[in-house]
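User: I would like a close look at one part of this model, with the terms spelled out so that I can judge the values.

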Amino acid sequence: MERKQLGKGDTAFMAACTGLIVANIYYCQPLIVLIGKEFGLHESIAGRVTYLTQIGYALGLLLLVPLGDILERRKQIIVTTAISVLALLLAAKAPSFLVLQIASVLIGISSVVPQLILPLAASLTADNKRGSTIGTIMGGLLVGILASRSLSGAVGSLYGWREMYLIAAGICVVLLGLMWWRFPKSEPAFNGNYGQLMRSVAHYAVTQPALRQAAITNALSFAVVSAFWVTMVLFLSAAPFNYESFEIGFFALAGAAGALAAPLVGKISDGRDTSNNIIIGLALELISFIGFYFTGSGIFLLLAGIITLDVGHQSVQVTNQTIIYSILPEARNRFNTVFMTSTFIGGATGSALGLFLWSVGNWAGVCAGCSVVVLINIFLFFRNRSKIAKLGLRPVK
């Protein structure tokens, strides 16, 4: 049987695991220039590994995460992490860019472990503390995302991009043993087969308006975040900055404020006015891209915008996850599947869009295009605000 509640140490350990594993998706971003040089590719072509990894992640979310409702979760987490080790090793030894692209998709598919941990944590947490627990784990997730870019930039500059993938594989090997030792076993919540499970995922996507709205809002939010991080590498590696991957990676540390904001947003999401958190988050994203547009040759607005953007996205994501995990407890993995699959489809689309906007309008084009996406997201959210305000954290019957 599952334990009724997590201790603080358990929550902290889960947060650390989510951060260290989700990092696998983002190591490639500061390495685009290095990968392009080794394989003789233009940076926009080398950048494909970023959205291919995100596409793989979306596939993993769609195909693997629902299994958490019919399989023992700890075993699923261990097996999936083991596959991630193999995918990372394939990337490290890739003899061609084609093999690296295949490895990138496999890395994405097998790095869905954080989205298996989150429903597990939610099921082991009391209702009145669920937002706080989710916020803490999401804080660990964001630290992993930000630290991965800094670490990757440093390792790539000092040793090469292949060594980063080897280090990542080693980290996952260590986590395998620790998670087997610390994670609790769980009992499946769904008695049907895989086909019935997937049909129920589609059913929930169609019949649950709060889930559907959360998925759309978060997908568009993550799209602009992904577009920014991919193109920021190109922006800073070009004149007048001409930064190396080592220097670019450290800009990710500016977003650490988002990690600090996630637990706070989670606590606020245990209250009633959850829609206000989303409105504030989207407003912060828009302010960020306005600041990015006027960055010029200085970095103050860029650094301030990174902090604002990450805090804004965390406000949107943590609040939305708190909402969806409070609807049908027995279907948390399937709800998470809809939510996070949509999110990373948005992320992959955003990365591709960012590269396209860069190719046609450079940094100004990226900032203008992403601002339009944020405005569309705000419009769609306000159109459905009355429904969300009525639903809040209450189940949808």
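How many residues of the lining of the largest cavity are nonpolar, how many are polar and how many are charged?

Analyst: The lining of the largest cavity divides into 12 nonpolar, 5 polar and 2 charged residues, where Ala, Val, Leu, Ile, Met, Phe, Trp, Tyr, Cys and Pro count as nonpolar, Asp, Glu, Lys and Arg as charged, and the others, Gly among them, as polar. The model is predicted, so local features need pLDDT of at least 70 and side-chain atom pairs count only at pLDDT 80 or more, while totals for chains, interfaces and linings use all residues. Residues are numbered from 1 along each chain as its sequence is written, and side-chain values use heavy atoms, with hydrogens and water left out.

There are 4 cavities of 30 Å³ or more, a cavity being a set of points on a 1 Å grid over the protein atoms alone where a 1.4 Å probe fits but cannot get out, lined by residues with an atom within 4 Å of a point. The largest cavity holds about 140 Å³ of space. Of its 19 lining residues, Tyr 26, Ile 145, Phe 222, His 313 and Gln 317 are the closest to its centre. Two or more lining residues come from each of helices H1 (8-26), H8 (130-158), H11 (209-237), H15 (300-324) and H16 (332-383), a helix being a DSSP run of H or I of at least four residues, numbered from the N terminus. Helix H8 gives the largest share of this lining, with 5 residues.

Two of these lining helices, H11 and H16, also take part in packing elsewhere. Asn 377, found in helix H16, is buried, with a relative accessible area of 1% (buried means under 20%, exposed over 50%, with a 1.4 Å probe and protein chains only). Leaving aside neighbours within four places in sequence, Asn 377 is in contact (heavy atoms within 4.5 Å) with Ile 216, Thr 217, Leu 220, Ser 221 and Leu 282.

Helix H10 (residues 194-207) has Leu 197, Met 198, Ser 200, Val 201 and Tyr 204 buried. These residues cover an arc of only 155° around the axis, which puts them on the same side of H10, and they pack against H4, H11 and H16. On the face of H10 turned away from this buried side, Arg 199 and Val 206 are exposed.

Helix H11 is also included in what covers the buried residues of H2, together with helices H3 (43-46), H4 (48-63), H6 (97-110) and H9 (161-182). In helix H2 (residues 32-39), the buried residues are Ile 32, Val 33, Ile 35 and Gly 36. They fall within an arc of 165° seen down the axis, so they line one face of H2.

How values were computed
Arc of directions from axis to C-beta. 1 Å grid on protein atoms, 1.4 Å probe; cavity = no way out; pocket = protein on both sides within 12 Å on 5 of 7 lines; lining within 4 Å. Points joined across faces, edges and corners; volume = space filled by probe spheres on them. Expected span 1.5 Å × (residues − 1).
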